[in-house]
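Here is a short report for a first look. Start with the sequence and the model, then read on.

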Amino acid sequence: MPFARLSAATTPTAHIGLGLAAVGRPGYLTPHRDRDLPGDRSPDALRDRTHELLDAAYAQGVRYIDTARSYGRAEEFLAGWLAAHPEADDVVVGSKWGYTYTADWRSDAETHEVKDHGVAAFERQSAETAALLGDRLDLYQIHSVTPDSPALTDKDLHTRLARLAERGVSIGLSTSGPGQAEAIRTALTVTVDGAPLFRTVQATYNALETSAGPALAEAHAAGLTVIVKEAVANGRLAGDQAPAVVREIAGEEGLGSDAIALALVLHQPWAGVVLSGAATPAQLLDNLHATVPVLDEERRARLDALVEEPEAYWRHRASLPWS
């Protein structure tokens, strides 16, 4: 399968991927974007920033790039960079369908994206992705599946996804919300002609939200590649926003808090790829230092004290402003 190409990457940073959610559109759910993005958030300015990040990531050994139809113009920005860098033929590209971007390039839009896991949405968005990424697409995921998503039960959709897999694209899903574990376990039962449909699962897991951990371990044991998103909890585990214990361990290591947050996830035996959501090259470099610290049992116990109830974590996330 195409996504399996990632296993050939042996750099220390190969298990860290770059997500483009924060730079493909002017608004996102992270704090201090006025400090992280250029004052001009025009498409040209964010294209330049995206390409700058991709240059830095590739130079540092990152080989997995994560994008989505709903990330504004991120697929377009990535396609332009890939066309300008034919030597980067070892980059593995994953995108997602299931949300439509509706903010019209405004950070103050009332609605930024609309969810639809129906067959018609898949046909429309997969054609849009194909027009931009063509044969560079390795992995196509259903975006933000929850236990009640029709994507888990729609046999027609499963058949269409399986046809895409026959053309060489791996099929996966991402999950969100307090019911991630249930969604993951249901996804593991989905088959087409007796064969498992999903080859990857992307889920939120971090020092504050660990509820998907056991289900992700089961997915890993079943042969799926696990991709972890939101390892710094939309900025809550980075910089001066981080809890004291994260900052203390970071100080002991001489690293940033974000590196400790990502290192905790990298230490999970089931974690295949952990995404950096960096918006600046400096943030990316800090994130890549996550391969350095060793989190022994004592340090992990200190971090375990940060875990929140899933419902509380997701309520807080839902309250974050787009900026």
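Which residue forms a salt bridge with arginine 317? The partner is glutamate 230, with the closest N and O atoms 2.6 Å apart. The pair links distant parts of the chain. Arginine 317 is in helix H12. Glutamate 230 is in the loop between strand S11 (225-229) and helix H8 (244-253), 87 residues apart from its partner. Both arginine 317 and glutamate 230 are buried. Note that this model is predicted.

## Other salt bridges

The structure holds 21 salt bridges. One of them joins aspartate 90 to arginine 63 at 2.9 Å, N to O. Aspartate 90 is in the loop between helix H3 (74-84) and strand S3 (92-97). Arginine 63 is in the loop between helix H2 (43-59) and strand S2 (64-66). They are 27 residues apart. Aspartate 90 is partly exposed, at 31% relative accessible area. Arginine 63 counts as buried, at 12%. Arginine 63 also lies over the face of tyrosine 58, at 3.7 Å from the ring centre.

Arginine 302 and glutamate 248 form another bridge, with the closest N and O atoms 3.5 Å apart. Arginine 302 is in helix H11 (residues 297-304) and glutamate 248 in helix H8, so the pair ties together parts 54 residues apart in sequence. Both belong to a network of salt bridges that also links Glu252, Glu253, Glu298 and Arg299.

## A buried charge without a bridge

Aspartate 258 lies in helix H9. This residue is buried yet has no salt bridge. The nearest side chain of opposite charge is arginine 35, 11 Å away. Beyond its neighbours within four places in sequence, aspartate 258 contacts residues including Val232, Leu237 and Asn287.

## Aromatic pairs

There are five aromatic pairs. Tyrosine 28 and tryptophan 322 form an edge-to-face pair, 6.1 Å centre to centre, with 80° between the planes. These two are 294 residues apart. Tyrosine 28 counts as buried, at 13% relative accessibility. Tryptophan 322 is partly exposed, at 24%.

Tyrosine 205 and tryptophan 270 are also edge-to-face, at 4.9 Å and 85°. Tyrosine 205 is in the loop between S10 and H7, and tryptophan 270 in the loop between helix H9 (257-266) and strand S12 (273-276), so the pair ties together parts 65 residues apart in sequence. Both residues are buried.

## One side of helix H6

In helix H6 (residues 180-187), Gln180, Ala181, Ala183, Ile184 and Ala187 are buried. They cover an arc of only 165° around the axis, which puts them on the same side of H6. Their packing partners include strand S6 (137-145), strand S7 (170-175) and helix H12 (310-319).

Notes
Residues numbered from 1 in each chain as written. Predicted model: local features only at pLDDT ≥ 70, side-chain atom pairs only at ≥ 80, totals over all residues. Heavy atoms only, no water. Buried < 20%, exposed > 50% of the residue type's maximum accessible area, 1.4 Å probe, protein only. Helix = DSSP H or I, 4+ residues; strand = E, 2+ residues; numbered from the N terminus. Arc of directions from axis to C-beta. Contact = heavy atoms within 4.5 Å. Phe/Tyr/Trp six-rings, centres within 6.5 Å; stacked < 30°, edge-to-face > 60°. Lys NZ or Arg CZ within 6 Å of the ring centre and 35° of its normal. Lys, Arg positive; Asp, Glu negative; His and termini not counted. Salt bridge = Lys/Arg side-chain N within 4 Å of Asp/Glu carboxyl O.
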